[in-house]
Amino acid sequence: MIIGIIGAMDEEVEILLSKMKLEKVQVKANMRFNSGKLYDSEIVVVRSGIGKVNAAICAQILIDDFNVDNIINVGVAGGTAEDIYPGDVVIANSLVQHDVDTSAFGDKIGQIPRMNTYDFKCDRDLIERAQMACKKIENIKNFTGRIVTGDQFICSTEKIKYLNREFNALACEMEGGSIAQVAYLNNIPFVIIRSISDNANNGASMDYKKFAPIAIRNSTEILKNMIMNLSQ
Ligand code: ADE
């Protein structure tokens, strides 16, 4: 089994890269695909770059050229639900792209026109494995629910209220929903695991700078536990 791991930023993949036994590096679409082993599992780790288009290209290359059997996306996110704070972890069970709007034609916001699904659902088994991996780490609160994605860094209280109300979102980020769409179209199991770096409100960019390193450490730790478990 080959596991594809996507992080949007260097910081999100560098701990993993330092732990894995690197066997090959291939550059495609200006992205470095690092193939090798971690705890006996075959993995391909890649930094996609930020945003939906980068993440979608990256996911499709992982599927076409690296034959991955599943995709795990890790990284940080803004918390959009009450009681979710920096350091907490959100495991997505469903993804919606909150910036898709063809409501002029009567579609629900987030619905990709003429697709037969509104949300993209994560694989049940991978969700359970992520939940189990969280339990092994002390002092991490984890939540499972919807994550919303858009090409926007959210930093307004009004907007987080809207995302929570409209989509029942627990967290917002900028890649998960497009990775989910690609995985869905290719019938590849996937899960998105995000650690909260800010509360997507007026202080989001300051909180982000402060909490992102802790959040990244948390999501990497979960991923390591998951891979250890998947290889058994
Ligand atoms: N990733 C981390 N924090 C975020 C936010 N507030 N909005 C979008 N993506 C994020």
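In helix α5, the buried residues are Gly-176, Gly-177, Ser-178, Ile-179, Ala-180, Gln-181, Val-182 and Ala-183. That makes eight of the 10 residues of α5, so the helix counts as mostly covered, because buried means under 20% relative accessible area. The model is a predicted one.

**Helix α5 and helix α2**

- Helix α5 spans residues 176-185 and packs against helix α2, residues 52-66.
- The angle between α2 and α5 is about 35°, and their axes lie 8 Å apart.
- The crossing of these two helices, α2 and α5, is right-handed.
- On the α2 side, the residues that meet α5 are Lys-52, Ala-55, Ala-56, Ala-59, Gln-60 and Ile-63.
- On the α5 side, Ser-178, Ile-179, Val-182 and Ala-183 take part in this contact with α2.
- Sorted by class, the contact of α2 with α5 consists of seven nonpolar, two polar and one charged residues.
- An α-helix has 3.6 residues a turn, so residues three or four places apart point the same way.
- Just after α5, Asn-187 has a positive phi of about 60°.

**Nonpolar cores**

- The largest nonpolar core is made of 64 residues.
- Inside this core, the residues with the most contacts are Ile-5, Phe-33, Ile-71, Ile-72, Phe-190, Val-191 and Ile-193.
- Helix α2 gives the largest share of this core, with eight residues.
- Another core lies apart from the largest one and has 11 residues, including Val-148, Ile-160, Phe-167 and Ala-169.

**Asn-34 in strand β3**

- Asn-34 belongs to strand β3, which covers residues 31-38.
- Its relative accessible area is 6%, which means that Asn-34 is buried, since the limit is under 20%.
- Beyond residues up to four places away in sequence, Asn-34 touches Leu-17, Met-20, Leu-22, Lys-24, Val-25, Ile-43, Val-44 and Val-45.
- A polar atom of the Asn-34 side chain lies 3.2 Å from the backbone oxygen of Arg-32.
- Asn-34 and Glu-11 are 23 residues apart along the chain, and their C-alpha atoms are separated by 15 Å.

**Asp-119 between β6 and β7**

- Asp-119 sits in the loop that runs between β6 (89-97) and β7 (120-121).
- With a relative accessible area of 9%, Asp-119 is buried.
- The side chain of Asp-119 makes a polar contact of 2.8 Å with the side chain of Lys-121.
- A polar contact of 3.1 Å joins the side chains of Asp-119 and Arg-146.
- Arg-146 is also among the residues that Asp-119 touches when those up to four places away in sequence are not counted; the others are Ser-94, Leu-95 and Val-96.

**Ala-200 between β10 and α6**

- Ala-200 is found in the loop between β10 (190-198) and α6 (204-230).
- Ala-200 is buried, and its relative accessible area is 0%.
- Leaving out neighbours within four places in sequence, Ala-200 is in contact with Gly-78, Gly-79, Thr-80, Ile-154, Cys-155, Ser-156, Ile-160 and Cys-172.
- The C-alpha atoms of Ala-200 and Ser-178 are separated by 20 Å, and the two residues are 22 residues apart along the chain.

Technical notes. Residues numbered from 1 in each chain as written. Predicted model: local features only at pLDDT ≥ 70, side-chain atom pairs only at ≥ 80, totals over all residues. Heavy atoms only, no water. Helix = DSSP H or I, 4+ residues; strand = E, 2+ residues; numbered from the N terminus. Buried < 20%, exposed > 50% of the residue type's maximum accessible area, 1.4 Å probe, protein only. Polar contact = N/O pair within 3.5 Å; in protein donor to acceptor, adjacent residues only side chain to side chain. Contact = heavy atoms within 4.5 Å. Axes fitted to C-alpha atoms, helices over the stretch in contact; angles between N-to-C directions. Left-handed = near helix turned anticlockwise from the far one by under 90°. Nonpolar A, V, L, I, M, F, W, Y, C, P; charged D, E, K, R; others polar. Core = buried A, V, L, I, M, F, W, Y, C linked by side-chain atoms within 4.5 Å.
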